[in-house]
Structures are given as structure tokens and as C-alpha cells.
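Please keep the sequence and the structure in view while reading.

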Amino acid sequence: MDTLHTLFYFIVAIAVLVAFHEYGHFWAARKVGIKVIRFSIGFGKPLISWQKSSADTQFVLAAIPLGGYVKMVDEREEAVKAEDLPYAFNRQPLLARTAVVAAGPVANLLLAVFLFWLVLVIGEAGVRPVVGGVEAGSLAEQAGFVAGDEIISVDDIATPTWIEALDTLLTSAIDGKTEISVVTKAIDDSQQVRLIHLTEQDVQTPETLHKRLGLKPWVPTIKPVIGKVLDDGVAKQAGLQSGDLIISADGTAITDWQQWVDYVQARPDVEIKLLLERSGAPLSLSITPRSEQQGEGKAVGKIGAGVDTPKDLLDSMMVTHVLSPWDAVPVAGKRVWFYAVTTLKMMGKMVVGSASVENLSGPISIAQYAGQSAEMGFTAFLKFLGLVSVSLGVLNLLPVPVLDGGHLLFFAVEAVKGSPIPERIQLYFQQAGMLLLMLLMGLAMFLDIGRLFQ
């Protein structure tokens, strides 16, 4: 994927999420009468700034787009003019200060509700959740799944697309459930309930769960005709073009696209001699699939080319899930609640060691997800923004000093003891919180870099 494309959508995503988070703080501060000195999207040198007058808030767009801040009048940070003292943050009632701090994460959660609502109203397109195959010895086989089953719901949650079905299975598993109820519809329209039984070992990572589930989507028999060829893929370098029909590979006849995919994936870094048909004429060339790591360190071959799928065949398997604006409101709210609780539970599992820390994503992974979702379409990008907005809101509510949740914890103690925690003690905890946060970010970056090398 083009680096500039990925970087652009990463910056757009961060700017939107940070802007809403900081606007939450800004809006609440203005409502309770606190003077705001600066509203900044990004850190470092200001690129663009605007200020109506010297007495008003300065709005800034800064050079490093990895966060933002709202600077308020506060005696704890610098000397305050006598006329501004009534508008200082530290002089406001406890309830007002609590509202200002909580408003940032709440803004992210409300943004997530709006984004999921928008996705549901616009309509989310996807492939029907029809099972194409079930691996021997898998959880799906033990539950009784068979090829041709269409997944109707998971734990009473409707799953109109394959992605929705897998996402709901994953989130139910992370939720700690040891039994997941799946309603399926057979080819003759009869419905059955399949019960998937899980252990802790099954949900260490999403990749582990996906492998142990053993569900494969229905894939139609498609001619092995090359469709899109990526600019940075080995297919382009080898001379493959859109419209090429693959006749054989190393002398083995290739009759459908899935056979070709399996053949390539089984040969990372191994040269393949191809016989093609291009514009009715035979053509021979060689290609060496690039080795890529995929789940639990397994190397697979990739060439950077997609299939030319007949439109009528694709349309027959596509569905669009749409709700009315009114009906979408409670569904969007339930999604945000579900993802927020799931995020907290996954964090808890990582802390106690029952889930792998490899579930952590750093800025590199988030940038890649931003670019990939944008390439998939507008609604996919909106859904990505919603998921990250939920994570940002939940993360900031954690009772860790330097985060909003840490300040809320200090306020809770103040409410109980009747006076603020001494600044010296607050500073000590904030330094400890900063160290913890830096270690966590370092680990996420380390995992990100490791994924890049894979």
C-alpha cells in the first residue's frame, strides 16, 4: 500500500479523534466559566494559529499530529493575573473540574456512537456469512457446522455479513464466554443452533481464535484471471498484467483462483514457472512469491495481485445492512457499549496474563489499519474511526495518573477526604504514571516494528 496514502489517512484519523477529545474539554471548560488560553491539535511548532483578540482562546494546528491539548488558566502551572483568578481551573468547584476532565473521553464515546450510527444509516456492504468449509478437529466441526451453513446470529446479535459474524464471535470470546450460541440456516432454509465451546487457550490472540474456529467463507469457483496488480508487488515486477489467464504453474494445471492462491501461499521465496494466456496467445514467465508472516509465525507466499471477479457472481453474494435513522440509534449505542466493555476486558486479560500482549497496537499498526480501511471504502473508514474512538475514550478513563482517569481518581479522593491531594504527591504519581505509559508505548512500538520485519 502506498506510504503517502497510509500516512494521509492516519493523520486524518488522529486529527479527527484528537479534535473531538480536546473539544470535549474545551466545551466543558467554557461552560463552567474557565478561561482557555490555547486549543491545540498536535504538539510542537505551530503551523497555523488563529486568535480573535489577545483576551480570547488561541486555536493552533501544530507540527506533530500525535495528540493535542487544551491549556487553561491554572495557578499550578504559571502565575495568573489577578483579573483571571476567578476563571482559573484550580479555583473551580470539584464538580466543575470533574466535568471538564471527564468531557474529553465522553466526547470520544459520543463520537463513536455517531460514527456507528452513520455507518448503519448509510449501509454497510459485505459478503453473506456463508460457510464454505470446516477444518477437521476445529471448534466449528465440534459444534456441528457444515459447508453451506449461513450464520444468522451470534449470541442473539444479527450478523448480516461475514465480517460481522467473525467480529461478533471474537468479541463474545474476549468477553469471557465459554459457550457461544450461533444460529445457522441450512441450504433448505431450516435453522439450527450451534454451540461453540471455548477455553482460555482458544482466545490468547484473535489469530489463535480464528485458527481454532476453523471456519472458512464460501468461495465460488472463479477462473484464475488476474485482476488488480499492486504497484509494489512481485506480480508487477514479474510482468503479470490484468486479464492474464493462468493456465499452469510448474506444469500443474490451474483451474480455479483458490487453487492458484493455495499454490502461491505454499511457496514463499520459491520460483514458480507460469504458463499464461494473454490476449489469446500463450506466454511463459517466472515469479517468486514474497514471503510474509501470517499468524503464529507461519510464512506464506504473496504476489500482490487480486482476482478478476465476475460482477454478477459478486453481486449474488453481497448484502447491504441498512437501518433507519431512528432504529440505528440504540444499535449504535449498544455497539459502543459492547466494544468499550470488550476493550476493558481485553486489557484486564493482558494484565493478568490470560491474553497475549501481542494484541497491543502502536501508531504504525494504527496507521496501517487507517490506510487499509480507507482503501476498503468510506463506511469501513468510519467504522475504523469509531473503534479507535471507543479505545481512546476507554483508555483515557483508566485510573492512571497523567490520563484523564487519573485526574478523576484524584478528584474522587478529594471528595472523600474533603481536600485536594497535596501537589507533591500528585506529581509523584504523575511521574510514575508517565513512566508506565512510556513503557506501554515502547512495548507497542516494539511489537509494531516486529510486525513490519515479519
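**Aromatic rings in the predicted model**

F39 is buried, with a relative accessible area of 9%. In this predicted model, the structure holds 13 aromatic pairs, and the points below follow some of the rings involved.

**The pair F26 and F39**
- The rings of F26 and F39 form an edge-to-face aromatic pair, with 5.5 Å from centre to centre and 85 degrees between the planes.
- Because F26 lies in helix α1 (residues 3-31) and F39 in strand β1 (residues 36-51), this pair ties together parts that are 13 residues apart in sequence.
- F26 has a relative accessible area of 9%, which is under 20%, so F26 counts as buried.
- F26 and F39 also belong to one aromatic cluster, which they form together with Y23, W50 and F59.

**The pair F43 and Y69**
- The ring centres of F43 and Y69 lie 6.1 Å apart and their planes stand at 10 degrees, so this pair is stacked.
- This pair links distant parts of the chain, since F43 belongs to strand β1 and Y69 to strand β2 (residues 58-72), 26 residues apart.
- F43 is partly exposed, at a relative accessible area of 34%, and Y69 likewise counts as partly exposed, at 29% relative accessibility.

**A charge over a ring**
- The charged end of R267 sits over the ring of Y263, at 3.5 Å from the centre of that ring.

Notes. Residues are numbered from 1 along each chain as its sequence is written. This is a predicted model: local features need pLDDT of at least 70, side-chain atom pairs count only at pLDDT 80 or more; totals for chains, interfaces and linings use all residues. Side-chain values use heavy atoms; hydrogens and water are left out. Rings of Phe, Tyr and Trp (its six-membered ring) pair if their centres lie within 6.5 Å; planes under 30 degrees apart count as stacked, over 60 as edge-to-face and the rest as tilted. Helices (H or I, at least four residues) and strands (E, at least two) are DSSP runs, numbered from the N terminus. Buried means under 20% relative accessible area, exposed over 50%, partly exposed in between (1.4 Å probe, protein chains only). A charge sits over a ring if NZ of Lys or CZ of Arg is within 6 Å of the ring centre and within 35 degrees of the ring normal.
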